[in-house]
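Subject: A structure for you to look at

Hi there,

Here is the structure I promised to pass on. Please open it beside this email, and then read on for what turned up in it.

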Amino acid sequence: MVLDDLDWRLMNDWQRGLPLVSHPFEVIADGFGVEESDIISRLKGLLTSGAISRIGATCRPNTLAASTLAAISVPEHRLEDIAALINEEEGVNHSYLREDAWNIWFVATGPTRAFVDETLARISRRSGLQVLDLRLIQPFNVDLGFSLDGAGTRPEPKEVQDDIVLEDGDIEIVQALSNGLKPEETPFATLAHSMGRSEEDVLGRIRELAQAGMLSRIGLIVRHRSLGWRSNAMCVFNIPKEEITARGRALTDVPGVTLCYERRPIEGIWPYTLYCMIHGRSRSEALDVLSFARVHAQLTGYDYKVLFSTRCFKQKGALIAREGAAS
């Protein structure tokens with residue numbers, strides 16, 4: 001794909017903070033000194049080329065819906081079949097091949113924890129293989145938006161307001177944002193019309209959900225592998241429980257660390273509790289970030305693994321509500 005400077009600036013600057021107004025792309029265009037139609041045309045091109053996967057929102061894990069990270073150890077000769085089996089599942093929104101004995105990793109999402117549990121059980125039953133259920137305990141950074149210009153800056157994460165009162169239709173709105181907005185002049189009006197609601201009403205609810213921290217971010221969801229960030233490593237550390245919070249917070253300060261969270265270990269099988277993702281344009285770049293991160297977060301004395309991803313099987317928005325069941 002051929003991208004010019006404005007394409008890169010658009011993707012870099014608008015991974016979050018999409019203007020929650022009737023004409024969001026007009027506001028973006030004004031900032032770049034171009035016409036609204038130019039921004040819309042570019043967004044269509046970025047979607048078609050695969051540079052971005054959608055224009056929408058990411059939902060903070062386990063707030064409006066349930067999710068988990070899972071792993072399965074698949075023999076080489078069964079990789080294609082098992083990957084296809086996993087990707088058939090409605091709730092699987094990301095799946096990758098990684099360099100480890102536990103080699104297929106995927107995220108399972110759904111409207112309830114029971115739905116996610118059933119997804120994992122079905123995959124295990126159909127494959128005949130054990131599935132590790134690595135549940136989220138504590139998020140430190142789940143934004144995943146990261147700088148394409150090397151600045152490495154990100155906003156402070158919003159605290160989730162547990163006292164927010166959800167209204168009828170909120171989950172339907174979030175599912176629509178997870179699926180993606182259309183690159184057109186009034187995307188929120190189109191979304192609202194599909195729900196039989198007014199644009200003003202829907203925008204008001206999106207603002208409330210974003211302010212409450214239910215939405216991690218709203219903007220362009222880039223496909224970093226398509227843009228050159230192909231050496232992506234999931235780094236896992238076996239950290240004493242009492243040190244995880246301090247080490248996790250320190251990791252989020254490191255440019256190049258794009259996700260960080262604590263997950264439940266599996267006794268006797270998978271002892272790792274602290275995870276981070278590093279996105280690099282080369283393996284050496286990613287390993288350099290990891291070396292700095294281990295020193296900065298005082299992790300040099302702990303057991304760890306680096307699992308580079310070698311293939312992306314599936315990437316789409318999360319399942320918040322099943323079709324026809326949102327309310």
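Which residue forms a salt bridge with glutamate 167? The partner is arginine 205, and the closest N and O atoms of the two are 3.4 Å apart. This pair links distant parts of the chain: glutamate 167 sits in the loop between β6 (136-141) and α6 (170-179), arginine 205 sits in helix α8 (residues 199-211), and they are 38 residues apart. Glutamate 167 is partly exposed at 41% relative accessibility, whereas arginine 205, at 8%, counts as buried. Please keep in mind that this is a predicted model.

Now for the whole chain. The protein chain has 10 helices and 11 strands. Its radius of gyration is 20 Å, close to the 20 Å that the globule rule gives for 327 residues, so the chain is as compact as a globular protein of that length. Along the principal axes, the C-alpha atoms fill a box of roughly 55 × 40 × 40 Å. Of the 327 residues, 52% are buried. Among contacts with a separation of 6 or more, 77% are between residues 24 or more positions apart.

Next, the charges. There are 36 positive and 45 negative side chains in the protein chain, with the centres of the two sets 6 Å apart. Side chains of opposite charge can pair when their charged atoms come close. A search of the whole structure finds 20 salt bridges.

One of these joins arginine 311 to glutamate 80, with the closest N and O atoms 2.6 Å apart. Arginine 311 is in strand β11 (residues 304-315) and glutamate 80 is in helix α4 (residues 79-87), so this pair ties together parts that are 231 residues apart in sequence. Both partners are partly exposed, arginine 311 at 35% and glutamate 80 at 48% relative accessibility.

Another salt bridge pairs lysine 241 with glutamate 262, and here the closest N and O atoms are 2.6 Å apart. Lysine 241 is in the loop between β8 (231-237) and α9 (244-251), while glutamate 262 is in strand β9 (residues 257-263). Lysine 241 is exposed, with a relative accessible area of 55%, but glutamate 262 is buried at 3%. There is also a network, in which salt bridges that share partners join Arg113, Asp117, Asp133, Arg135 and Arg264.

Finally, have a look at serine 67 in strand β2 (residues 66-72). Serine 67 has 16% relative accessibility and counts as buried, because that value is under 20%. Beyond its neighbours within four places in sequence, its contacts include Pro61, Ala108 and Arg113.

Happy exploring!

Key: Residues are numbered from 1 along each chain as its sequence is written. This is a predicted model: local features need pLDDT of at least 70, side-chain atom pairs count only at pLDDT 80 or more; totals for chains, interfaces and linings use all residues. Side-chain values use heavy atoms; hydrogens and water are left out. Helices (H or I, at least four residues) and strands (E, at least two) are DSSP runs, numbered from the N terminus. The radius of gyration is taken over C-alpha atoms; the globule rule is 2.2 Å times the number of residues to the power 0.38. Buried means under 20% relative accessible area, exposed over 50%, partly exposed in between (1.4 Å probe, protein chains only). Contact means heavy atoms within 4.5 Å. Lys and Arg count as positive and Asp and Glu as negative; His and the chain ends are not counted. The place of a charge is taken as NZ of Lys, CZ of Arg, CG of Asp or CD of Glu. A salt bridge is a side-chain nitrogen of Lys or Arg within 4 Å of a carboxyl oxygen of Asp or Glu.
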